[in-house]
Amino acid sequence: VWDSDWSLWSDAVHKAPHAYRAHMHLGGSLEAKGDVVGSLGSYTQAAQLRPDVPEVHYNLGNALRLSGRVTEAQQSWERALEQDPEHLEALLNLAASHQDAGDLTQTATLLRRAEAAHPQSPEVWRRQGMVLHLTGNGAGARAAFLHSLDLDSAWVKTHFSLANHYFSGGRMGDAAQHYEAALQYRPSHPGAAYNLADLHLRTGDPVAAEGVCRRALRHTSAQSKLYFLLGLALEARGQTADALTNYRVFLRSGAARGSVLEDVRQHIERLESAID
């Protein structure tokens, strides 16, 4: 029974089928295993047993989102908010779903609700910064991001979002500073490492790009796209053989798709011909 969360909560549901917590935790263990369909059944059962508990609706909404059933997910998060109007995660997920659908007005409304209930949440301010960035309010976006960091200077998501904001505005030095900060707090952050290496390549510093790639790959080899940037950095430095090695690793990883895959293959062939 104690071999895994799944076996533990399966046993709990068998012994106490009317205990909503058992169904809720079983749903979580199934979701962690990648069984979204199974988790939906467990969360639905939990919600039927205790419709007055916001957490069961919140979890059900998450599983529905993973299943691609966005409208139903929104409805579940709304039910969670009916029980607890200040439920932070439900507010944030509902706001994110509206943002994904392009409804920035509703997104901003939900984030203002979240701010009123949780003014000290760095994530709320980060999300507000993202919406302000998308609506073209650069000064407002920066103010929101910086306030998020005032609340928690180690909030990695905000360093990354602010870096992306600066990058899009051409402020490469500021962008590099915050990508570095994100990597300081989370060395395996895939987006920060890739974007920082790309930034260095764009600004003509392949040595720095190589350093970022190698440092990130020491923390995790799963960031396959970094092998491509590492190849570019090495090629720019005239180290063609090493560049080819990394391009090939990138291809073998399966990260390349479509036209990118074909472009890299052709580039490898041209480099090999040049060496021959």
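Predicted model: local features only at pLDDT ≥ 70, side-chain atom pairs only at ≥ 80, totals over all residues.
Q: Start with helix 4. What span should its 13 residues have?
A: Helix 4 covers residues 54-66, and at 1.5 Å a residue it should span 18 Å. Its end C-alpha atoms are 19 Å apart, which agrees.

Q: Is helix 4 mostly covered or mostly open?
A: Mostly covered, with 10 of the 13 residues buried.

Q: Which ones are buried?
A: In helix 4 they are P54, V56, H57, Y58, N59, L60, G61, N62, A63 and L64.

Q: And what covers them?
A: The cover includes helix 2 (20-32), helix 3 (36-49), helix 5 (70-83) and helix 6 (88-100).

Q: Take helix 2, then. How are the axes of helix 2 and helix 4 placed?
A: The two axes come within 11 Å and cross at roughly 25 degrees. That angle is under 35 degrees, so helix 2 counts as roughly parallel to helix 4.

Q: Left-handed or right-handed crossing?
A: The crossing of helix 2 and helix 4 is left-handed.

Q: Which residues meet there?
A: From helix 2, Y20, M24 and E31. They meet E55, V56, N59 and L66 of helix 4. The residues of this contact divide into four nonpolar, one polar and two charged.

Q: What comes just after helix 4?
A: G68, which takes a positive phi of about 85 degrees.

Q: Where else does a glycine take a positive phi of about 85 degrees?
A: Just after helix 8, at G136.

Q: OK, helix 8. How many residues, and what is its reach?
A: Helix 8 has 13 residues, 122-134. From its first C-alpha to its last it reaches 19 Å, close to the 18 Å expected at 1.5 Å a residue.

Q: Which of its residues are buried?
A: The buried residues of helix 8 are P122, E123, V124, W125, R126, R127, Q128, G129 and V131.

Q: What do they pack against?
A: Four helices: helix 6, helix 7 (104-117), helix 9 (138-151) and helix 10 (156-168).

Q: On to helix 9 and helix 10. At what angle do their axes cross?
A: At roughly 155 degrees, and the axes come within 10 Å. An angle over 145 degrees counts as roughly antiparallel, so helix 9 is roughly antiparallel to helix 10.

Q: What is the hand of that one?
A: Helix 9 passes helix 10 in a left-handed crossing.

Q: Which residues make the contact?
A: On the helix 9 side, G138, A141, R142, F145, L146, S148 and L149. On the helix 10 side, T158, H159, S161, L162, H165 and Y166. By class, the residues of the contact divide into six nonpolar, six polar and one charged.

Q: Change of topic: where is S224?
A: S224 sits in the loop between helix 13 (206-219) and helix 14 (225-236).

Q: Why does S224 count as buried?
A: Because its relative accessibility is 17%, and the cut-off for buried is under 20%.

Q: What is S224 in contact with, leaving aside neighbours within four places in sequence?
A: S224 is in contact with F250, S253 and A255.

Q: Last one, T71. Buried or exposed?
A: T71, which lies in helix 5, is exposed, with a relative accessible area of 51%. The cut-off for exposed is over 50%.

Q: How far is T71 from S97, C-alpha to C-alpha?
A: The C-alpha atoms of T71 and S97 are separated by 9.0 Å, and the two residues are 26 residues apart along the chain.

Technical notes:
Residues numbered from 1 in each chain as written. Heavy atoms only, no water. Helix = DSSP H or I, 4+ residues; strand = E, 2+ residues; numbered from the N terminus. Expected span 1.5 Å × (residues − 1). Buried < 20%, exposed > 50% of the residue type's maximum accessible area, 1.4 Å probe, protein only. Contact = heavy atoms within 4.5 Å. Axes fitted to C-alpha atoms, helices over the stretch in contact; angles between N-to-C directions. Parallel < 35°, antiparallel > 145°, perpendicular 65-115°, else oblique. Left-handed = near helix turned anticlockwise from the far one by under 90°. Nonpolar A, V, L, I, M, F, W, Y, C, P; charged D, E, K, R; others polar.
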